[in-house]
Amino acid sequence: MAATISSTFLSASLLLLCLLSASRKGCVAFEQQELAAETHHHTLQVSSLLPSSVCNSSKAADKKSSSLTVIHEHGPCSQLRPNSHAPTHTEVLLHDQARVNSIHSRLAKTLNNVKETAATRIPAKDGSILGSGNYIVTVGLGTPKKDLSLVFDTGSDLTWTQCQPCLVHCYQQKEPIFDPTQSKSYLNISCSSSICGSLYSATGNRPGCSSSTCVYKIGYVDNSSSMGFFGTERLTLTTTDIFDNFLFGCGENNTGLFMGAAGLLGLGRDKLSFPSQTAQKYNKVFSYCLPSSASSTGYLSFGNSAISNSVKFTPLVNLSGGPSFYGLGITGISVDGKRLSISSSVFTTAGTIIDSGTVITRLPPTAYSALRTAFRQGMSKYQMGKAVEIFDTCYDLSSYNSVIIPNISISFSGGVEVDIVPAGILVVISRSQVCLAFAGNDDDSKVGILGNVQQKTLQVVYDGPNERVGFAAGGCS
């Protein structure tokens, strides 16, 4: 009610100023703003969707003393840019589809059994891992501490990094490759240790053994992989958040297009994941805000202290056969303030997960078709552009400075409705190819995925003990 009163008062004040003003241009602008608000549209400058050459650090991350700066490998905030060029849109989308295919493969045999169950900050910048639009953070490993850039991934469990010696192969990374022989705190895990056997649930592969030392292996659908010794080490997030005996993979044979990152920080739900290993301090609670663009920063935060009071929670959904994934219960989609006519069974048949590593949200084709139709109706004044890869709804906005686009919101169990920001609605290939940033699966029986583009600027909270996921707007501000 307070928000409504404030909004009404502001509108009345602006109207009064407009009427007293001699500038009709100002009144027209006001009328357009009011029209957009009443019809649930976004009015935005096309230039705001384009890449920026200026680095803008997140104020939310800067407010905390326990914050670490992270670097976008191909953006203006980067201080250590790799020699390789940024991946193209085609490469990003191809590798994103490979990840989606992998998730679908893991869950393919168990999707019919879906059941609902009732701070330390690390700035996060948009990065490029496996040729895709993932996010990286920088952490310290070893004694003395060596800083390493790691992908953080809610769809993976095991934390790993490349290690010396590279007995078979190591890909190029930004920082020097970690050398466990130069650390006073590194220890190998024995093959006979019970914890060695736990690798199977975290990686999907049985552990190996070499000279009585436990060996891990983890592979990805695009043939990228990491294999090496399973060990413990001191992990440093901030000067006050240090964890001894942290279990991780020390990879001596690593292949793939990791685009400069040293490895991966696993934020899944397995007992070897980072949230589980640090549960005594953080109680399996973490949150993040993904920045609106590669030129901005967000954060990854652990513990309850950084959670906004405006967060609204939806119950976590458990997917049989996918215990490491964070499931969500989507109940509907709205465009331009109107709820689309989509049967609830469309969303419950396969279920939905939220994934920080998938770029573009995948919907059941029945739901995507309804979304696409409604969005096209709301964009009927603009000329359609050429489709590209998975995007079939694109517009030629080359002759426009500003556009009005329909609002899109997603509703979840528990009465939670999340508005998607413009940066999560449209993706810019070029000014003549500005596309709806959603895609459909090829079958309603395949799990839906809430990708990271649609999570931009939201504070997303993972509350393990209470089995829920929360959302709040304006998380990066």
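How many salt bridges does a search of the whole structure find? The search finds 9. A salt bridge here is a side-chain nitrogen of Lys or Arg within 4 Å of a carboxyl oxygen of Asp or Glu.

**Basis and confidence**

This is a predicted model, in which local features need pLDDT of at least 70, side-chain atom pairs count only at pLDDT 80 or more, and totals for chains, interfaces and linings use all residues. Residues are numbered from 1 along each chain as its sequence is written, and side-chain values use heavy atoms, with hydrogens and water left out.

pLDDT is the predictor's confidence in each residue, from 0 to 100. Its mean over the chain is 83. Of the residues, 79% reach 70 or more. Residues 64-71 fall below 50. That stretch still has 29 contacts in the model beyond near neighbours in sequence; contact means heavy atoms within 4.5 Å. Residues 125-132 also stay under 50 in pLDDT, and the model has 51 contacts for them beyond four places in sequence.

**Salt bridges**

| Lys145 | Asp147 | 2.8 Å |

Strands (E, at least two residues) and helices (H or I, at least four) are DSSP runs, numbered from the N terminus. Lys281 belongs to helix 8 (residues 279-282), while Asp241 is in the loop between strand 11 and strand 12; the pair therefore links parts 40 residues apart in sequence.

Asp241 is buried, at 4% relative accessible area. Lys281 is partly exposed, at 49%. Buried means under 20%, exposed over 50%, and partly exposed in between (1.4 Å probe, protein chains only). Lys145 is partly exposed at 43%, as is Asp147 at 40%.

**Nonpolar cores**

A nonpolar core is a set of buried Ala, Val, Leu, Ile, Met, Phe, Trp, Tyr and Cys residues joined through side-chain atoms within 4.5 Å. The largest has 70 residues. Phe274, Ile408 and Phe471 touch the most other members. Helix 10 (residues 365-378) gives the most to this core, with 5 residues. Apart from it lies another core of 15 residues, including Tyr171 and Cys214. Beyond four places in sequence, the contacts of Phe274 include Leu235, Phe243, Tyr282 and Phe302.

Helix 10 has 14 residues and spans 20 Å from first to last C-alpha. That is close to the 20 Å expected at 1.5 Å a residue, the expected span being 1.5 Å times one less than the number of residues. Its buried residues are Ala367, Tyr368, Leu371, Ala374 and Phe375. They cover an arc of only 135 degrees around the axis, which puts them on the same side of helix 10. The arc is that of the directions from the helix axis to the C-beta atoms.

**Backbone details**

Thr143 and Pro144 are joined by a cis peptide bond, with omega about 0 degrees. Pro144 is in the loop between strand 5 (135-141) and strand 6 (146-153). The bond from Gln164 to Pro165 is cis too, with omega near 0 degrees.

Asp336 is not a glycine, yet its phi is positive, near 60 degrees. Glu467 has a positive phi of about 45 degrees and lies in the loop between strand 31 (459-463) and strand 32 (468-472).
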